[in-house]
Amino acid sequence: MLECRDLRKSFGELAAVDGVSFHIAAGETYGLLGPNGAGKTTSISMAVGLMQRDGGQVLVDGEPLDPGTTRLKAKIGLVPQDLALYPDLTARENLRFFGRLYDMPRARLSRRVDEVLEIIGLSDRANDRADTFSGGMKRRLNIGIGLLHAPRLLVLDEPTVGVDPQSRNAILESIEQLGSEGLAVLYTTHYMEEAERLCDRIGIIDRGQIKAEGTRRELAQILSQHDRVRLSATGPLHEGAEALRRIAGVQQVDVTDGAIDVLVEQAGNSLMAILSALEQSGVSITGVEIDEPNLEAVFLHLTGRSLRD
Amino acid sequence: MRSALTIAAKDLRQRVRDRSIYVIALAAPLGLAAIFGFVFNPISDADFTATFAVANIDQGPLASPLVDGVLGGLAEDGNVNLVHAASAEEATRLVEGDGERADQDVDAAVIIPAEFSARVQTGRPAELRVVQNANSSLASTLALAIVEGYARELDYVQGAVTTLTAFDPARLADAAAIAGLAASTPSPASVRDVSASTKQLDNTTFYGAGLATFFLFFTVQFGVNSLLAERHFGTLNRLLAAPVPRWSIILGKAITSFGLGLVSMLILIVATSFILGADWGNPAGVALLVVAATASAIGVMAMVSALARTSEQGEVFSSIAAVGLGIIGGTFFPINQAGGVLASLRFVTPHAWFLQGLGDLAGGSIGDILPAVAALLAFTAASSGIALALLRRRLNP
Ligand SMILES: Nc1ncnc2c1ncn2[C@@H]1O[C@H](COP(=O)(O)OP(=O)(O)OP(=O)(O)O)[C@@H](O)[C@H]1O
Ligand SMILES: [Mg+2]
């Protein structure tokens with residue numbers, strides 16, 4: 001459905017996207033997972049033919065897509081990261097306008113507008129101006145506009161940012177639903193849970209490059225030889241973490257609120273050393289948990305950075 | 001094309017919802033035109049005539065070009081009645097209204113004192129006097145403008161006299177002859193301008209047309225700057241990602257701007273004609289000028305807007321350009337009467353060409369407006385060319 005080959009884009013000195021390649025099959029949901037500034041928005045802007053590329057190729061159903069080509073764009077629906085709607089038009093007017101731009105016949109457009117209003121839960125506010133909506137309602141309208149012309153590829157750029165947990169769940173459910181209906185979905189996020197829940201395959205992107213790609217299981221395999229030890233603790237956690245980094249077999253140490261996450265090659269071999277090192281640093285341990293590495297750990301391992309802002 | 005119309009229809013819907021356009025496009029120009037027209041034109045000046053008293057005490061070679069040439073010429077055209085007075089006192093009395101000829105309301109007196117020609121020719125200070133009637137400000141201002149224009153010509157001649165004298169005192173006699181010759185040749189250009197503009201556009205029409213043009217630039221700005229608004233609201237990204245060619249986005253904005261500009265001009269023309277009694281002239285000629293002026297306004301404002309990065313900036317740039325060009329272009333006062341640099345500078349604005357075209361139309365036939373229309377179209381071509389070059393980058397991020 002969509003194939004991107006070696007996409008490149010620089011802003012001055014900064015190589016925002018530095019050779020990104022991925023492909024999405026029909027019915028597949030692909031996630032681009034990466035922290036702020038990783039190059040997610042820039043990559044998808046090139047993928048949908050909105051932004052000029054410095055290099056690379058985009059193929060939609062095997063045909064090349066360029067910013068100037070209009071025909072192929074009708075197959076794609078875009079939900080931009082920043083709200084993109086007319087505040088002085090009603091929800092219905094916003095939907096109708098973009099529907100016309102996609103050349104939808106009148107009768108079908110009217111039906112489809114009602115359908116989409118139903119999907120995004122705005123049927124009762126259809127004739128209110130968008131600037132009277134709450135933030136979450138605007139987000140939902142933003143998604144609805146991308147869905148309206150029933151595209152075959154839906155591209156969503158962090159659609160759940162700033163949405164309350166309930167609406168967020170509703171949004172994720174409708175995306176899951178669309179994915180199961182045969183729509184190809186390209187989804188960017190920096191929320192691990194969303195990527196794990198929605199995406200068939202995930203590309204981990206950082207500093208303009210895809211560091212690893214695969215299913216959730218395949219990505220976890222990268223660290224399959226490793227264990228994750230989570231120590232709930234109090235005291236000088238950072239000093240303790242420093243001591244842990246010196247222990248052989250310890251790959252990664254991450255301090256969060258009230259806990260230290262340690263990635264080790266073999267939990268059984270290193271656990272005693274870890275506990276005694278912490279004790280010497282004056283850290284008191286209240287709980288120990290040994291687990292498989294999650295995506296977060298994979299991400300940290302690949303990029304040396306945490307996903308959290 | 002379909003998508004351009006879809007975009008234009010959406011824009012117009014947004015504009016109709018935004019009340020500020022009614023103020024800018026209709027209420028403000030109509031209100032101001034009514035006020036200006038009333039202040040400067042209490043009754044009707046359709047057949048404007050002024051009565052001047054002239055006291056030519058000097059009777060010298062530099063007096064007759066003013067009396068017979070300039071003022072006499074205006075009298076022949078029927079715009080001015082001349083009353084000859086034997087002395088300065090008599091002329092002044094006539095203006096003050098207690099003269100023997102009570103049938104005449106004299107607007108101003110022009111007094112050429114004794115020795116005037118001789119003093120000018122020998123480079124000594126000389127003066128011309130104008131006595132204005134406080135009750136007829138327009139006609140007496142006209143008298144002052146005529147005399148000042150003539151005096152400026154003499155200044156120039158006097159300068160020549162002085163220079164010649166400084167170089168070669170022996171040729172003083174020749175200098176006097178040259179001065180006399182120069183002063184009696186063509187009547188001063190500024191005086192001709194005054195008479196021309198009063199003949200061509202009456203006050204109501206002038207202020208109606210001036211203000212309509214002034215606000216036209218603000219009105220089309222709503223259409224032009226909506227491209228920046230699309231960017232501000234993020235919707236430009238949706239337009240760029242939609243299956244529509246990029247030129248149709250620009251075309252849509254141009255159609256919006258054109259629609260707004262033409263509708264506001266049409267309403268203003270009809271309203272000033274029926275409510276204020278303005279006389280715009282031959283409808284076909286006016287239509288041609290309005291279309292050309294609207295196109296040039298769109299081009300110029302698009303160029304200004306394309307220089308801006310944000311929609312706030314766009315509005316600021318547009319306002320500065322619209323006000324600046326409007327003032328230079330003489331939409332608020334007949335700047336061509338000011339003479340000098342200002343009078344020529346106005347032709348760097350479409351406003352001046354539009355008003356010039358209306359004047360030409362009033363004074364002549366539809367063929368006479370072709371230079372003005374051509375100038376407006378040249379503005380359109382040049383400015384929209386620059387605007388498109390700038391927007392090209394904007395639309396291809
Ligand atoms: N128009 C632009 N001009 C200059 N730099 C830009 C522009 N757009 C993006 N960048 C830079 O390119 C890099 C990638 O930006 P991008 O928006 O693609 O990141 P992202 O992964 O979408 O981040 P986020 O999660 O914060 O949305 C950033 O460093 C950003 O500052
Ligand atoms: Mg982004």
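Visitor: Which helix and strand each supply at least two residues of the shell around ligand 1?

Guide: In this predicted model, the strand β2 (14–24) and the helix α1 (40–47), both of chain A, each contribute at least two residues to the shell around ligand 1.

Visitor: And which element gives the most to that shell?

Guide: That is α1(A), which supplies three residues to the shell around ligand 1.

Visitor: Which residues come nearest to the ligand?

Guide: There are 13 residues around ligand 1, and those that come nearest are A:K40, A:T41, A:T42, A:Q81 and A:E158.

Visitor: How far is A:K40 from an oxygen atom of ligand 1, taking a polar side-chain atom?

Guide: For A:K40 the distance from a polar side-chain atom to a ligand 1 oxygen is 2.8 Å, while for A:T42 a polar side-chain atom lies 2.5 Å from an oxygen atom of the ligand. With A:G37 the backbone is involved, as one of its N or O atoms lies 2.8 Å from an oxygen atom of ligand 1.

Visitor: How much of the ligand's accessible area does the protein cover?

Guide: On its own, ligand 1 has 630 Å² of accessible area, and the protein covers 62% of that.

Visitor: Switching topic, how is chain A divided into domains?

Guide: Chain A is split into domain 1, spanning 2–220, and domain 2, spanning 224–292.

Visitor: How far apart are their C-alpha centres?

Guide: The C-alpha centres of domain 1 and domain 2 of chain A are 39 Å apart.

Methods. Residues are numbered from 1 along each chain as its sequence is written. Chains are lettered from A and ligands numbered from 1 in the order in which they are written. This is a predicted model: local features need pLDDT of at least 70, side-chain atom pairs count only at pLDDT 80 or more; totals for chains, interfaces and linings use all residues. Side-chain values use heavy atoms; hydrogens and water are left out. A residue is near a molecule or strand if one of its heavy atoms lies within 4 Å of it. A polar contact is a pair of N or O atoms within 3.5 Å; within protein, one must be able to donate a hydrogen and the other to accept it, and residues adjacent in sequence count only if both atoms are side-chain atoms. Accessible areas come from the Shrake-Rupley method with a 1.4 Å probe; for residues, only the protein chains shown count as cover. Helices (H or I, at least four residues) and strands (E, at least two) are DSSP runs, numbered from the N terminus. Domain bounds come from an automatic or database domain assignment.
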